Amino acid sequence: MSIADSIARLVEDETGQPYPYRRVELVEPDWTRFPGWRDVTAAEWESAQWQRSHCVKSLAQLREVLGDLVDDRFYDDLARDQAERATMTMLVPPQMLNTMVPHVAPRGPGSLTDALYADPIRRYMLPVLSDRLTEWGSHPFATRDSLHEHEMWATEGLTHRYPTKVLAELLPTCPQYCGHCTRMDLVGTSTPTVEKLKFVAKPNDRLADMLDYLRRTPQVRDVVVSGGDVANLPWPRLEAFLTSLLEIENVRDIRLATKALVGLPQHWLQPEVVEGIGRVAALARSRGVSLAMHTHANHAHSITPIVARAAGAMLDAGLRDVRNQGVILDGVNADPHALLDLCFRLLDGARIMPYYFYLCDMIPFAEHWRISVAEAQRLQHHIMGYLPGFATPRIVCDVPFVGKRWVHQLADYDRERGISSWTKNYRTSLEAGDAGALDRPYHYYDPIHTLPESGRAWWAAQHGDAEVTLDATARAAASRATAAVQAY
Ligand code: SF4
């Protein structure tokens, strides 16, 4: 269903409001409904070690869990996607798999197939070939490192894009791999279609280089400690890094980025991790530094009691806040009700602050997930006024070479061709001596399939055809399209 349709279907309920707020009790779906987990105990389920050792990494492992409740049609579709399109390998912790089709009772062979196809979490964690578009499946400007983070590395893995803040990619792995990952260039293991970039320096040297840079760069006050996902760094190493970071006087804000809080909350509930967070939070408090955690939930179904427990454990251990940065994905959450359901479940049920929703970045093969800036503006309009102002998420576009911009901040917008223009008020590390950097427009592109026919025809004329492209082909197409857009 298109966003316009879903907005149109907003009906006034007995409250007289387009969105009928109701408090919802969180429920952990019963994992024993799946044949492969029939005998899994609560103690096993709550064990981080059990979760990690039972992650689904292959079709065979998925079959072991779901058995014949799902038809071969689905398994074959998934296998083809992994072979022909996927930019991330399969890696789904049991906790995440259990949030798929949570309300559908299995009733024999094949009974979960259609529901699994339609499931919002499945749509981004286990993408299948038939989800993808066959025309304009990759935007001509799609690139592996769509935000140009590597070009802005001050040291290996340390992206210095904004004047006062940096992103520290401590490691290139996560406990779960999301199909739409914006860091698909670096994160995870290679897929048949994407050979991943590898860090060159030794891990300890990389982290030491990052700390050195921060010590000699006093204008940086804010560090996003990320990856990958920091849940994959052994706790003692993460604690050592954070302790060193807290010794740097100019660092005043630290944010730990971990989707594992919702994907593998068992990790953050381990006693040694909770105690360690308590020590680092106490140190941060004593130095007047804000230490927070940022997670990545895209759908209300991800917010279960154990996720709420993990978030609560982090807050009770002394973190200043736990915030959510989701990604708007068509077929997953690109609907005002879905976004509000998620925000209220985060806020009411798990004490997690809704913070940002990003537009999906322009990586290869992501066009079926992406929405236009115009749709994003409509979504922002429809979610205003229901949540407290401090918990109303901003919908943002991460504009290449610019950074996050609220979706209403664009300077110009050609709706026919789906080209939005943005300006910026600071220089990234790439533009230190560039006098024109603050006057120049920077562009972002709507998915071509969402454009009117005349816009699609314009792109076809520039690009030649609408075939799916990747990597070198996409880059060559992008340079042709760049020339066309510059002439435009
Ligand atoms: S958790 Fe984040 S970094 Fe890891 S695969 Fe998902 S989106 Fe990418």
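The shell of residues around the ligand divides into five nonpolar, three polar and three charged residues. This shell belongs to a predicted model. The residues that surround the ligand are Cys-174, Gln-176, Tyr-177, Cys-178, Cys-181, Arg-183, Val-187, Gly-228, Asp-229, Lys-259 and His-296.

One of these residues, Gly-228, also deserves attention for its backbone. Gly-228 is found in the loop between strand E4, residues 222–226, and helix H10. A cis peptide bond joins Gly-227 and Gly-228, with an omega of about 15 degrees. As a general rule, most peptide bonds are trans, and most residues other than glycine have a negative phi. The second part of that rule also has an exception in this model. His-148 is not a glycine, yet His-148 has a positive phi of about 60 degrees. His-148 lies in the loop between helix H8 and strand E1, the latter covering residues 153–155.

Two packed helices are described by the angle between their axes and the distance between the axes. For H10 (residues 235–246) and helix H13 (residues 271–286), the axes come within 10 Å and cross at roughly 5 degrees. H10 and H13 are therefore roughly parallel to each other. On the side of H10, the contact is made by Trp-235, Glu-239, Leu-242, Thr-243 and Leu-246, while H13 contributes Glu-272, Val-273, Gly-276, Val-280, Leu-283 and Ala-284. By class, the residues of this contact between H10 and H13 divide into seven nonpolar, two polar and two charged.

Strands of a sheet pair through backbone hydrogen bonds, either parallel or antiparallel. Strand E9 (residues 394–399) and strand E10 (residues 403–406) pair in the antiparallel sense over four bridges. Within this pair, Cys-397 has Arg-405 in E10 as its bridge partner. E9 and E10 form a hairpin with three residues between them, and Phe-401 in the turn has a positive phi of about 70 degrees.

Another group of strands forms an open sheet. Its three strands stand in the order E11-E12-E13, and the pairing is antiparallel. Strand E11 (412–414) and strand E13 (442–445) are at the edges, each with a single partner strand, so one side of each is left without a neighbour in the sheet. On average, neighbouring strands of this sheet are turned by 20 degrees against each other, with direction ignored. E11 is joined by three bridges to strand E12, residues 419–422, and the two run antiparallel. Asp-412 stands opposite Ser-421 in E12.

The domain assignment gives domain 1, residues 31–131, and domain 2, residues 150–487. The centres of the two domains, taken over C-alpha atoms, are separated by 26 Å. How many residues does each domain give to the contact? Domain 1 gives 26 residues and domain 2 gives 33 residues. On the side of domain 1 that touches domain 2, the elements that give two or more residues are helix H3 (48–53), helix H5 (72–84), helix H6 (94–97) and helix H8 (120–125). Of this side of domain 1, the largest share, five residues, comes from H8. By class, the side of domain 1 that touches domain 2 has 14 nonpolar, six polar and six charged residues.

Definitions and conventions:
Residues are numbered from 1 along each chain as its sequence is written. This is a predicted model: local features need pLDDT of at least 70, side-chain atom pairs count only at pLDDT 80 or more; totals for chains, interfaces and linings use all residues. Domain bounds come from an automatic or database domain assignment. Two residues are in contact if their C-beta atoms, placed from the backbone, lie within 7 Å. Ala, Val, Leu, Ile, Met, Phe, Trp, Tyr, Cys and Pro count as nonpolar, Asp, Glu, Lys and Arg as charged, and the others, Gly among them, as polar. Two strands pair if DSSP finds at least two bridges between them. Axes are lines fitted to C-alpha atoms, for helices over the stretch in contact, and angles run from 0 to 180 degrees between N-to-C directions. A residue is near a molecule or strand if its C-beta atom, placed from the backbone, lies within 6 Å of it. Angles under 35 degrees count as roughly parallel, over 145 as roughly antiparallel, 65 to 115 as roughly perpendicular and the rest as oblique.
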